[in-house]
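Hello,

Here is the structure I promised to pass on to you. Have a look at it first, and then read on for my notes.

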Amino acid sequence: MATTQWQKKLEIPGRVFFTEGNGDLSKLKINTAWSEAEVYLHGAHVTHFQKKNEPPLLFMSQFSRFQDGSPIRGGIPLIFPWFGSREGQPAHGFARTQEWELREIAQSPDGQVALRLSLPDSPQAALLPKFTVEYCVTIGQTLAAELIVTNESKDQDLTFENCLHTYFQVGDISAVSVTGLKGVDYLDQTENFARKTERLDHIKVSSETDRIYLDTTAATEIHDSKLQRRIHIETAGSRSTVVWNPWVNKSQQMPDFGNEEFHQMICVESGNVAENKITLPAGKKSSLKIVLSTLAL
Ligand code: BG6
């Protein structure tokens, strides 16, 4: 997709520029003193973030599709206005397959770069009470993303789910544990949404794992003893945490995911899903924010 004059005008020389991404989709490349990142307008999708002298933070499948109408597999798919499957509709909503509009690129005095994008109007959006969605991504020493939904209607509630479906790159799933969820109730999607309580400080993944942790605002961490790093996930406006790894069989069923790639990834997703869905009164705003940082283990 050719870069428009308006898009060119937003570029910051040496810091942010447009380039042709996979599948001819528009991609922004961002360089800061601490890190580099890539963001597709398709889905407002962050596909890459890497701090200098560290492995990438985000996992990207080698088999991802990059095409109109399909979500990108890896990075941070942006899930809105519903999570999971919905009869006759695309899984995880329509926001991740739309071409978002870039509104602004700003550089702060300390050298962080912030992008602001908005979800365009669409026939699917028109079926809901009037709303707008903005997404701000800030790249620096950390990677931050904020999804802001405004109910623009005069008198109707807007009910929705949202989720920043972050795929993290890990050295090997056998060397990984997730902390911060002990004592939290979850719905086990591998057992027909059975409700359970997390008993472990350090959650290990050794089979298909697909859990919606509910009513939790605590920060989580991914401990990776192979890459010798800890990924810290700080959230605001998030009441659900989803932990997902497809393991062997599910990986084989997904055409846009390699059979062995589950060894190198884990999704720890932040949002408001299932019984934590949001009902936003007319005229109100909601914000979901994550800040991702890495530390040595
Ligand atoms: C997770 C869900 O968030 O996303 C899983 O909990 C789902 O059930 C996974 O399989 C991937 O979804 P999709 O639509 O991107 O293949």
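The protein chain has 297 residues, for which a compact globule would have a radius of gyration near 19 Å; the chain has 18 Å, so the two agree. That radius is taken over C-alpha atoms, and the globule rule is 2.2 Å times the number of residues to the power 0.38. Along its principal axes, the C-alpha trace spans about 50 × 50 × 35 Å.

A word on the basis of all this: the model is predicted, so local features need pLDDT of at least 70 and side-chain atom pairs count only at pLDDT 80 or more, while totals for chains, interfaces and linings use all residues. Residues are numbered from 1 along each chain as its sequence is written, and side-chain values use heavy atoms, with hydrogens and water left out.

The chain has 2 helices and 22 strands; these are DSSP runs numbered from the N terminus, helices being H or I with at least four residues and strands E with at least two.

Most residues other than glycine have a negative phi, and most peptide bonds are trans. Asp 24, in the loop between strand S1 (16–20) and strand S2 (26–31), has a positive phi near 65°. The peptide bond from Phe 80 to Pro 81 is cis, with omega near 0°, and Pro 81 is in the loop between strand S5 (78–79) and strand S6 (101–107).

Which side chains have an N or O atom at 3.0 Å, 2.5 Å or 2.8 Å from an oxygen atom of the ligand? They belong to Arg 73 at 3.0 Å, Asp 210 at 2.5 Å and Lys 250 at 2.8 Å. The protein covers 85% of the 400 Å² of accessible area that the ligand has on its own (Shrake-Rupley method, 1.4 Å probe).

I hope this helps you find your way around!

Best wishes

Methods: Polar contact = N/O pair within 3.5 Å; in protein donor to acceptor, adjacent residues only side chain to side chain.
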